[in-house]
Each structure stands twice: as C-alpha cells, then as structure tokens.
Amino acid sequence: MHHHGYLWTGPKERFDNEALRRPPHPQPPPAPVSDEDVKAEQLLKRYREVVAEFPTSDLPPIETAYWLIKPRSLVRGTWDEPKEAAAWIGERLTEYAPRFASERDRDTTRLARLVSVAAEQLHSGTDVSYGFYLERPSYLSLAVVTCSPNRSNPELACPVA
C-alpha cells in the first residue's frame with residue numbers, strides 16, 4: 001500500500017462545476033427520438049462532454065478515489081508511509097494558511113489536528129480530502145489517496161504503476 005497526493009487551487013465557480021467532478025454514468029442517456037427532441041440532444045451532448053473531460057480534467061473529483069484515474073501529471077507526491085503523506089498535507093496547510101478566507105481555518109492547533117487525523121486515516125487505508133476557501137473567492141483542495149488497492153474503489157488502477 002502507498003499513497004498519492006493531489007492539490008488543486010482555482011476559482012470557486014470552476015470548483016462548483018459538479019458535472020465535471022463526477023464520473024459519468026455507465027449508461028448514456030437515451031438517444032433523441034426525433035430532430036425536435038432538443039432536450040434529449042442536449043443531455044446526450046453533455047454526457048459525451050463529461051465522458052471526455054472527467055478523466056482528463058484537473059478538477060478534484062467528488063469521490064476522492066477517482067483522483068486515481070486522472071492524469072499522472074497531477075500526482076504531487078507518492079509515499080509508502082502514511083506519516084510522510086500526512087507531513088506533506090501539513091506542509092501544504094502551512095503554505096496556504098495565510099490565504100485561508102476563515103480565521104478559524106488558520107488556527108495552528110486545528111491544522112496540527114487535521115494532520116494527525118490524516119495520518120491515522122491513511123494508516124487505516126482511508127483516503128483523506130480537505131478543502132478550504134481562499135481569499136478572492138478561490139478554493140484549495142488537498143487529497144491523499146491510498147493506492148494498491150484503494151479501499152473504497154479497489155478496481156481503480158494505480159496511476160504510477
């Protein structure tokens with residue numbers, strides 16, 4: 001078992017595009033029955049867009065394990081030990097804390113507790129995902145995904161294997 005780290009920052013409105021953060025349904029919507037079936041055509045077009053964009057988009061997936069199907073270039077680090085992966089989270093929290101929109105999120109005791117909880121979760125094979133609003137309405141997503149196999153989605157392949 002090992003762990004991969006992911007980090008994303010960007011505009012809040014882009015993060016809120018949930019359609020591109022969810023894996024597409026395994027079955028496409030029904031095809032339009034006529035040329036006038038505009039709604040069905042739009043739905044099918046949107047489905048095809050999500051099928052094409054979800055695996056390649058840098059947007060954080062709603063289900064943390066789906067980071068594993070994203071491009072290998074998005075992996076920010078790989079660690080064999082949960083404590084090393086949790087330390088990376090701690091370093092990122094320290095780096096971004098001055099930009100956190102909420103003063104409560106900047107509290108160093110709280111941040112240290114998040115790192116400690118992350119180490120425990122990773123040790124048990126559970127993924128870790130944290131999100132913070134930054135100034136200028138931006139968003140920070142930090143995730144560490146357990147790999148080989150992933151506990152919540154064991155069928156997902158390791159991105160660096």
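Which residue does R104 form a salt bridge with? The partner is D105, with the closest N and O atoms 3.8 Å apart; a salt bridge here is a side-chain nitrogen of Lys or Arg within 4 Å of a carboxyl oxygen of Asp or Glu. R104 is exposed at 56% relative accessibility, whereas D105 is buried, with a relative accessible area of 12%.

A word on the model itself. It is predicted, so local features need pLDDT of at least 70 and side-chain atom pairs count only at pLDDT 80 or more, while totals for chains, interfaces and linings use all residues. Residues are numbered from 1 along each chain as its sequence is written, and side-chain values use heavy atoms, with hydrogens and water left out. As for confidence, the chain averages a pLDDT of 93 (the predictor's confidence in each residue, from 0 to 100), and 99% of the residues score at least 70. Among the elements of the chain, helix α3 (residues 82–96) has the highest mean pLDDT, 98, and helix α2 (residues 38–53) has the lowest, 89. Helices (H or I, at least four residues) and strands (E, at least two) are DSSP runs, numbered from the N terminus.

Back to the charged pairs. The structure holds eight salt bridges, including the one between R22 and E18, whose closest N and O atoms sit 2.9 Å apart. Both ends of this pair are partly exposed: R22 has a relative accessible area of 42% and E18 one of 37%. Another salt bridge joins the side chains of R92 and E91, at 3.6 Å from N to O. Here R92 is buried at 18% relative accessibility, and E91 is partly exposed at 45%.

Helix α4 comes next. Spanning residues 108–123, α4 has 16 residues and reaches 23 Å from its first C-alpha to its last. That is close to the 22 Å expected at 1.5 Å a residue, where the expected span is 1.5 Å times one less than the number of residues. The buried residues in α4 are R110, L111, L114, A118, A119 and L122. In general, an α-helix has 3.6 residues a turn, so residues three or four places apart point the same way. The cover over the buried residues of α4 includes β1 (2–11), α3, β3 (128–134) and β4 (138–147). After α4 comes G125, whose phi is positive, near 90 degrees.

E135 sits in the loop between β3 and β4 and is partly exposed, at 38% relative accessibility. Leaving aside neighbours within four places in sequence, E135 is in contact (heavy atoms within 4.5 Å) with P98, R99 and A101. The C-alpha atoms of E135 and M1 are separated by 36 Å, the two residues being 134 apart along the chain. N153, for its part, is found in the segment after β4 and is buried, with a relative accessible area of 10%. With neighbours within four places in sequence again left out, N153 is in contact with E63, A65 and Y66.

Definitions and conventions
Buried < 20%, exposed > 50% of the residue type's maximum accessible area, 1.4 Å probe, protein only.
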